[in-house]
Amino acid sequence: MRYAHIEKGIFKERPNRFVAKVEIHGKEHTVHVKNTGRCRELLIPGATVLMEYHPDAKLQGRKTEYSLVGVYKGELLINMDSQAPNAAAKEWLETGGFWRAEGEKPENIRREVTYGQSRFDLAFTLKGRPAFMEVKGVTLEQDGVALFPDAPTERGVKHLEELIRAVEDGFLAYALFVIQMKGVRQFRPNEEMHRAFGEALRKARDCGVKVLAFDCDVKENGFSLDKAVECNF
């Protein structure tokens, strides 16, 4: 997953979930934040941030020329574009994904597929069986542990319940946590933030939903899924 135009800036403040004030080339700009999560441990005044520049913003009817997509947490580069994990996961599936070492490859990969009361991020066929995958981007890290969510997510609980239902109906089902950074040693649900999500994730696992977590090779102009990370819950 790659960006065409990236600029660096200095984060100033975040008036609301959708916009931030960033200094770019010595001038303060209002930029769109492509992540509605809290990100309080990331968006700290003075932090170096990355913006995707949209040269045709006016033609597209955009209110801002920049979208905030990444941040440096010290020396650690974290992609925080909440739309990017789905695109990166699709690219990963197209190259074989988790099953590449087994000589298998998902087929008929599609995005945004409706099932029941939910719309899953990805659907595909694996070994002749239909499968659904829900993708969650992870930007919260504490002492080498990746945590999700960083804010309560009833929507996330609902998606896990729908994945369980899909398994009961004979589908393969996967919950993929895309950790948008390197350097973590394990993943676990953030039950201090949302206990119900952790309970739902354990129930999904026990009902046959495959839970996967992968870190990412993050560059300033994009990222790709890299190594499997231990799931501890």
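Start by selecting I10 and E23: I10 stands opposite E23, which belongs to β2. Before you click on, remember that this is a predicted model, where local features need pLDDT of at least 70, side-chain atom pairs count only at pLDDT 80 or more, and totals for chains, interfaces and linings use all residues. Residues are numbered from 1 along each chain as its sequence is written, and side-chain values use heavy atoms, with hydrogens and water left out.

Now show β1 and β2 (residues 19–24) whole: they pair in the antiparallel sense over 3 bridges. Strands here are DSSP runs of E with at least two residues, helices are runs of H or I with at least four, and both are numbered from the N terminus. Two strands pair if DSSP finds at least two bridges between them. A hairpin of 5 residues links β1 to β2.

Next, select L68. Which residues is L68 in contact with, leaving aside its neighbours within four places in sequence? Among them are F11, A20, V22, V33, L50 and M80, where contact means heavy atoms within 4.5 Å.

Buried means under 20% relative accessible area, exposed over 50%, and partly exposed in between (1.4 Å probe, protein chains only).

On to α3 itself, residues 154–168. This helix has 15 residues and reaches 21 Å from first C-alpha to last, close to the 21 Å expected at 1.5 Å a residue; that expected span is 1.5 Å times one less than the number of residues. Colour its buried residues: G156, V157, H159, L160, E162, L163, I164 and A166. Their cover includes β7 (107–115), β8 (118–126), β9 (129–138), β12 (172–179) and α4 (195–206). After α3 comes G170, with a positive phi near 100°.

Last stop: an open sheet of 4 strands, ordered β10-β11-β13-β16 with mixed pairing. Its edge strands, β10 (140–142) and β16 (230–231), each pair on one side only. β13 (residues 186–189) and β16 pair in the parallel sense over 2 bridges, and Q186 stands opposite E230 in β16.
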